[in-house]
Amino acid sequence: MTVVRVILSATSFAEARDALALATEIAAEMNGDLQGLLIEQEAVVTLTRLPAARLIGSHGRALGGIDPAGMAAAFRGDARRFEAELARAAEAAALRWSFRHKRGQVGEILEEMLQAGTLLVACGAPRRAPLREVVLVLGADGDMALARLAAAQAARIGRPLRLLLPPGAEPPPDLAPTVIERFADEPALRARIAALDPRSLLFAEAGSLAKIAQEARCTCILRVP
């Protein structure tokens with residue numbers, strides 16, 4: 001698998017910080033460029049126009065009121081921290097890197113960015129505990145390069161790889177140990193992905209999963225064929 005770019009996408013610095021080491025590691029393995037992408041969600045900015053809008057801290061406590069100007073400043077601060085940490089990690093790994101800060105809808109921005117050969121690391125909610133499991137969605141054709149990446153991550157945390165398969169697909173013979181689950185159709189797959197623990201790590205080919213990944217609470221690794 002030849003990867004042109006490994007994109008680390010996040011909507012906050014806290015999300016990006018959790019996945020930065022993983023994205024850097026994958027970019028080094030793939031000999032790819034590392035690109036950071038902070039998405040300033042339009043919906044979040046819109047909510048700050050409400051009188052009752054409050055900024056919530058990491059422990060769930062309200063820190064005070066927030067308005068569009070304050071939220072924009074918070075995003076700029078996150079962008080500066082994200083870019084600085086990305087630069088340090090990439091330079092330490094001798095990787096080419098770049099950074100972008102965009103405002104809009106997450107799905108629309110990701111669709112624009114996902115070109116052939118891209119590997120997207122889409123951050124989920126910030127984790128407060130180590131990874132619990134690695135999950136791989138594998139189609140009938142079987143993307144073995146992506147499967148090997150997933151198996152390597154599962155081996156690192158010392159857990160079996162959880163393999164989600166559609167009807168008729170057979171598991172690759174060389175991915176043991178695995179836990180095999182089957183899904184009947186895309187709605188069933190979406191429900192399963194939405195139920196994944198935030199401490200999971202999901203690998204899948206992009207396709208329609210680029211939108212499904214927005215519903216996941218965990219970090220997703222999506223490959224664009």
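Contact is taken here to mean heavy atoms within 4.5 Å. In this predicted model, Ser12 is in contact with Leu38 and Asp78, its neighbours within four places in sequence being left aside. Ser12 is located in the loop that runs between strand 1 (5-10) and helix 1 (13-30). Its relative accessibility is 19%, so Ser12 counts as buried.

The chain has a mean pLDDT of 82, with 81% of its residues at 70 or more. Where pLDDT is low, the predicted coordinates should not be read in detail.

The count of salt bridges comes to 11. One of them joins the side chains of Arg132 and Asp197 (3.4 Å, N to O). This pair links distant parts of the chain, 65 residues apart: Arg132 is in the loop between strand 6 (118-122) and strand 7, and Asp197 in the loop between helix 6 (186-194) and strand 10 (200-205). Arg132 has a relative accessible area of 42% and is therefore partly exposed.

A salt bridge at 2.8 Å (N to O) is formed by the side chains of Glu181 and Arg192. Here strand 9 (residues 178-182), which holds Glu181, is linked to helix 6, which holds Arg192. Glu181 is partly exposed at 22% relative accessibility, and Arg192 is partly exposed at 25%.

The side chains of Glu205 and Arg223 also meet in a salt bridge (3.9 Å, N to O). Glu205 lies in strand 10 and Arg223 in strand 11 (residues 219-223), so the pair ties together parts 18 residues apart in sequence. Glu205 is partly exposed, at 34%, whereas Arg223 is buried, at 18%. Through shared partners, salt bridges join Glu133, Arg162, Glu181 and Arg192 into one network.

Note on methods:
Residues are numbered from 1 along each chain as its sequence is written. This is a predicted model: local features need pLDDT of at least 70, side-chain atom pairs count only at pLDDT 80 or more; totals for chains, interfaces and linings use all residues. Side-chain values use heavy atoms; hydrogens and water are left out. pLDDT is the predictor's confidence in each residue, from 0 to 100. Helices (H or I, at least four residues) and strands (E, at least two) are DSSP runs, numbered from the N terminus. Buried means under 20% relative accessible area, exposed over 50%, partly exposed in between (1.4 Å probe, protein chains only). A salt bridge is a side-chain nitrogen of Lys or Arg within 4 Å of a carboxyl oxygen of Asp or Glu.
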